[in-house]
Amino acid sequence: QVQLVESGGDLVQPGGSLRLSCAASGITFNLYVMRWYRQTPGKQREWVAGISSGGVSNYADSVKGRFTISRDNAKNTVYLQMSSLKPEDTAVYYCNALYTNDYWGQGTQVTVSS
């Protein structure tokens, strides 16, 4: 079976940093585009960042310059390094894998508050 398991979500103060991880199993990881999304109650799920199988990354304007996506194919893991966090970054963050099929993790809560 396919599993994507996020970890690293926490409560952090504005201006702080956090690193999220997503460990994948059951897929040929190096073939997949990996993405991070986030969602708050009552809103559509929002794309945050993506990275190709070759390591090319892109970002939503709202996080550009603050977040960095990376992947380690040897560990079947994608990361999201978040810095200069703002209260509006508060959300459940989800990992997504896309190739012939589309898979989602269970999400991890990030709360930015003083």
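Colleague: Leaving aside its neighbours within four places in sequence, which residues is Asn96 in contact with?
Modeller: Contact means heavy atoms within 4.5 Å. With neighbours within four places in sequence left aside, the residues in contact with Asn96 are Leu4, Val33, Met34, Arg35, Tyr37, Asp102, Tyr103 and Trp104.

Colleague: What kind of model is this, and how are residues numbered?
Modeller: This is a predicted model: local features need pLDDT of at least 70, side-chain atom pairs count only at pLDDT 80 or more, and totals for chains, interfaces and linings use all residues. Side-chain values use heavy atoms, with hydrogens and water left out, and residues are numbered along each chain as its sequence is written, from 1.

Colleague: Is Asn96 buried or exposed?
Modeller: Asn96 belongs to strand β9, residues 91-98. Strands (E, at least two residues) and helices (H or I, at least four) are DSSP runs, numbered from the N terminus. Buried means under 20% relative accessible area, exposed over 50%, and partly exposed in between, with a 1.4 Å probe and protein chains only. Asn96 has a relative accessible area of 0%, so Asn96 is buried.

Colleague: With which side chain does the side chain of Asn96 make a polar contact?
Modeller: A polar contact is a pair of N or O atoms within 3.5 Å; within protein, one must be able to donate a hydrogen and the other to accept it, and residues adjacent in sequence count only if both atoms are side-chain atoms. At 2.5 Å, the partner of Asn96 is the side chain of Asp102.

Colleague: Where does Arg38 lie, and is Arg38 buried or exposed?
Modeller: Arg38 sits in strand β4, residues 33-39. Its relative accessible area is 6%, so Arg38 is buried.

Colleague: How many helices and strands does the protein chain have?
Modeller: Read along the sequence, the pattern is β-β-β-β-β-β-β-β-β-β-β. The count is zero helices and 11 strands.

Colleague: Why is the protein chain as compact as a globular protein of that length?
Modeller: The radius of gyration is taken over C-alpha atoms, and the globule rule is 2.2 Å times the number of residues to the power 0.38. For 114 residues the rule gives 13 Å, so the chain is as compact as a globular protein of that length, because its own radius of gyration is close to that, at 13 Å.
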